[in-house]
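Please keep the sequence and the model open while reading.

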2 protein chains.
Amino acid sequence: MKRPITRKEFLAATAKSVAAASVGAASVTLLAGGRGQIGRVGPITGQAAVHSWPWPYAKLDTEDVRKRAHKNYYDGGCCYGAFNGLVSALAEVVGEPFTLMPTQLTYFGGGGGAGWGTLCGALNGSAMLVNLVVDRTSANTIVGELFGWYTVVTFPSDVSNDYAERHQFLVNRNDKILLQTVSDSPLCHVSVSSWCTHSGYRAAAAERAERCARLTGDVAAKTVEMLNQFKDGTFRATFVAASSVTGCQSCHDIGIGNVQSGVKMDCNQCHRQKWDHLY
Amino acid sequence: MKRPITRKEFLAATAKSVAAASVGAASVTLLAGGRGQIGRVGPITGQAAVHSWPWPYAKLDTEDVRKRAHKNYYDGGCCYGAFNGLVSALAEVVGEPFTLMPTQLTYFGGGGGAGWGTLCGALNGSAMLVNLVVDRTSANTIVGELFGWYTVVTFPSDVSNDYAERHQFLVNRNDKILLQTVSDSPLCHVSVSSWCTHSGYRAAAAERAERCARLTGDVAAKTVEMLNQFKDGTFRATFVAASSVTGCQSCHDIGIGNVQSGVKMDCNQCHRQKWDHLY
């Protein structure tokens, strides 16, 4: 259980808060283009009086987080697994404010959002953490890169398959080497269905759950790798969207059957060039 | 600026925290099936010493939140708009712990996640709030219902179109009555592209941004309606998935080209019955 703070510590923290309030308010104003502080419904500024945003990131160990997130998947699903894996590591290294975060707010993200199969929860939970510790513009770049990376690598990773086989994970419900597939999409439904189709396992199988637990560890570990690079000033975005995206958007982003500009999901996964242009 | 707390208030809060720590720990254990407290990487328990989860929901006014979320869309995108709209309202009514939440962690969710077009950010931000104030099982039901509702109603709502025309919103960048469309999907790409195709506006148009600002208000307001009902004990889930879902899953959930069970997105939006069974 957490040790109660002393009066001396409390007074010191209060003094820090007053300083943080000024810094925090200023940074929020800048990030919101100066509009944040206007009117009665501006962004929450209360937290600035306690801990200014972004919260302080400290470099983490990718393998420690891979194991935490893998275990936490079994505690609360993929979104919680990634988010709590990352936040709990920061809570151990940094302490407050990470100890104050109710990580349970991510439970809903499992199965692509209440089981709806939309955004992979491991991506969603990792993205929340990125935006907790990085400014808005940089977070957008890092999260976009994370999504892109997710679509082209194989899950589970060799590292995770190896951990499982050698009983190196913190929980070991399954020690099989699981089939690896490329998801081609950040969507849970596509990622899971593709793995199930190729592996022959049902979505309800324990092996599928273990595949997603390993994936959760892999995504959280990749997030650490990127944030460590960002902290060192060496992060570079390299992902290039599928050729279908640029190909289709050469017409579809300029007025003919408008689509949302900037979308990077592979068009050909849902659209059929021939079919959709006929009907 | 926030008033510093007195020593008397601090001591009273500390006493409450000790009580909350026990309650919080107990509830986390129950919700995580008893596994949450085992091992060195269990769920963060630090926050239980300060504010136990779920955080205390107080009934809100749907129209106040619709206006906050609409305005906050312009401050930080759809995900932030919904989340900050809801959290700021609770911060005003309840105060702490909502004043402590760094709502900026939701910036990434705009445009379906760093612009990737996956889960609608207004849904993502609203879902986070639901899970911040409601236990895991109930949140899953409420979020699932919110997603379902989103797929069948028209956006922007009549209420939002009316607010804009009568200059009732807190910001009024556009007072046109905007075309209403049914999204048929919780995905940003589908929702936005469908509206653009039918309205004739490009995704980059100011009118499309205003359409999403109104939608953000509408989704946050619906979230309030559901949470108020939940608080009153009158919430009932009524959404029924499209017939294609149950139809396709009668085969595809039992071993023939396995798909993730429970997915509720309309299969026919991406799959073509005839085409996909031929090739």
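## Helix packing and aromatic pairs

In chain B, B:Ala122, B:Leu123, B:Ser126, B:Leu129, B:Val130 and B:Val133 of α3(B) meet B:Leu215, B:Thr216, B:Val219, B:Ala220, B:Thr223 and B:Leu227 of α7(B), where contact means heavy atoms within 4.5 Å. By class, nine residues of this contact are nonpolar, three are polar and none is charged. Ala, Val, Leu, Ile, Met, Phe, Trp, Tyr, Cys and Pro count as nonpolar, Asp, Glu, Lys and Arg as charged, and the others, Gly among them, as polar.

The model is predicted: local features need pLDDT of at least 70, side-chain atom pairs count only at pLDDT 80 or more, and totals for chains, interfaces and linings use all residues. Residues are numbered from 1 along each chain as its sequence is written, chains are lettered from A and ligands numbered from 1 in the order in which they are written, and side-chain values use heavy atoms, with hydrogens and water left out.

Helices are DSSP runs (H or I, at least four residues), numbered from the N terminus. Helix α3 (residues 121–133) and helix α7 (residues 206–232) of chain B have axes 9 Å apart and an angle of about 25°. α3(B) is therefore roughly parallel to α7(B) (angles under 35 degrees count as roughly parallel, over 145 as roughly antiparallel, 65 to 115 as roughly perpendicular and the rest as oblique). Axes are lines fitted to C-alpha atoms, for helices over the stretch in contact, and angles run from 0 to 180 degrees between N-to-C directions.

In chain A, the axes of helix α5 (residues 158–165) and helix α7 (residues 206–232) come within 9 Å and cross at roughly 125°. This makes α5(A) oblique to α7(A). A:Ser160, A:Asn161 and A:Ala164 of α5(A) meet A:Glu210, A:Arg214 and A:Asp218 of α7(A). That contact has one nonpolar, two polar and three charged residues.

Over all chains there are 20 aromatic pairs. Rings of Phe, Tyr and Trp (its six-membered ring) pair if their centres lie within 6.5 Å; planes under 30 degrees apart count as stacked, over 60 as edge-to-face and the rest as tilted. Two of the pairs are tabulated.

| Pair | Centre to centre | Angle of planes | Type |
|---|---|---|---|
| A:Trp53 and B:Tyr107 | 5.5 Å | 75° | edge-to-face |
| B:Tyr163 and B:Phe169 | 5.4 Å | 80° | edge-to-face |

A:Trp53 lies in the loop between α1 (7–31) and α2 (62–93) of chain A and B:Tyr107 in the loop between α2 (62–93) and α3 of chain B, so their pair joins two chains. A:Trp53 is buried at 3% relative accessible area, and B:Tyr107 is buried at 6% (buried means under 20%, exposed over 50%, partly exposed in between; 1.4 Å probe, protein chains only). A:Trp53, B:Tyr80 and B:Tyr107 form one aromatic cluster.
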